[in-house]
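Subject: Structure for you to look at

Hello,

Here is the structure I said I would pass on. Please open it beside this message and follow along.

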Amino acid sequence: MDGRTHGVSLDAAGLGAELGERATLVQFSTAFCQPCRATRRTLGEVARMVDGVAHVEIDAETHLTLVRELGISQTPTVLVLDAAGRIVRRAVGQPRTVDVVAALGQAM
């Protein structure tokens, strides 16, 4: 997971969902993206395992303004937000569970 978009903040209104108490995993997906399905499972499992972490999935095709603002160019793209909604990590492609957990460690 790399650090591009580091320091940018998102809020519940911008995401259309509540942020996690400690961190939020934001996944940008598209309908026919196979790796997005596996990413959804991975992020959902991590969010259930770690208290205070929320997983928010955003359909990139219906949120084009946000996609452009954040420079999302492919799916899945995962953003890790800290408790204040600041983007602390960003990754493109299907992440491994261990990498997601490590990124959460930086966010919390």
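This is a predicted model: local features need pLDDT of at least 70, side-chain atom pairs count only at pLDDT 80 or more; totals for chains, interfaces and linings use all residues.

Residues are numbered from 1 along each chain as its sequence is written, and side-chain values use heavy atoms, with hydrogens and water left out.

The sheet

Helices (H or I, at least four residues) and strands (E, at least two) are DSSP runs, numbered from the N terminus. Four strands form an open sheet with mixed pairing, in the order β2-β1-β3-β4; two strands pair if DSSP finds at least two bridges between them. Because β2 and β4 stand at the edges with a single partner strand each, one side of each has no neighbour in the sheet. From one strand to the next, the twist averages 15°. Angles run from 0 to 180 degrees between N-to-C directions, and axes are lines fitted to C-alpha atoms, for helices over the stretch in contact. The strands β1 and β2 run parallel and are joined by seven bridges. F28 stands opposite I58 in β2.

The helices

Helix α2 lies across β1, β2 and β3, at about 170° to β1. Helix α4 lies across β1, β2, β3 and β4, at about 30° to β3.

Which residues of α4 (residues 97-107) are buried? They are V100, A103, L104 and A107, where buried means under 20% relative accessible area, exposed over 50%, and partly exposed in between (1.4 Å probe, protein chains only). Seen down the axis of α4, these buried residues fall within an arc of 105°, so they line one face of the helix; the arc is that of the directions from the helix axis to the C-beta atoms. The face turned away from the buried side of α4 carries the exposed residues V98 and Q106. The cover over the buried residues of α4 includes β1 (23-29), α2 (34-49), β2 (53-59), β3 (77-82) and β4 (87-92), with contact meaning heavy atoms within 4.5 Å.

The disulfide

A disulfide is a covalent bond between the sulfur atoms of two cysteines. Here the term is applied to a pair of cysteine sulfur atoms within 2.5 Å. A search of the whole structure finds one disulfide. This disulfide joins C33 to C36, with S to S 2.2 Å. The link of C33 and C36 is right-handed, with 85° about the S-S bond. C33 is buried, at a relative accessible area of 8%, and C36 is buried, at 1%.

Regards
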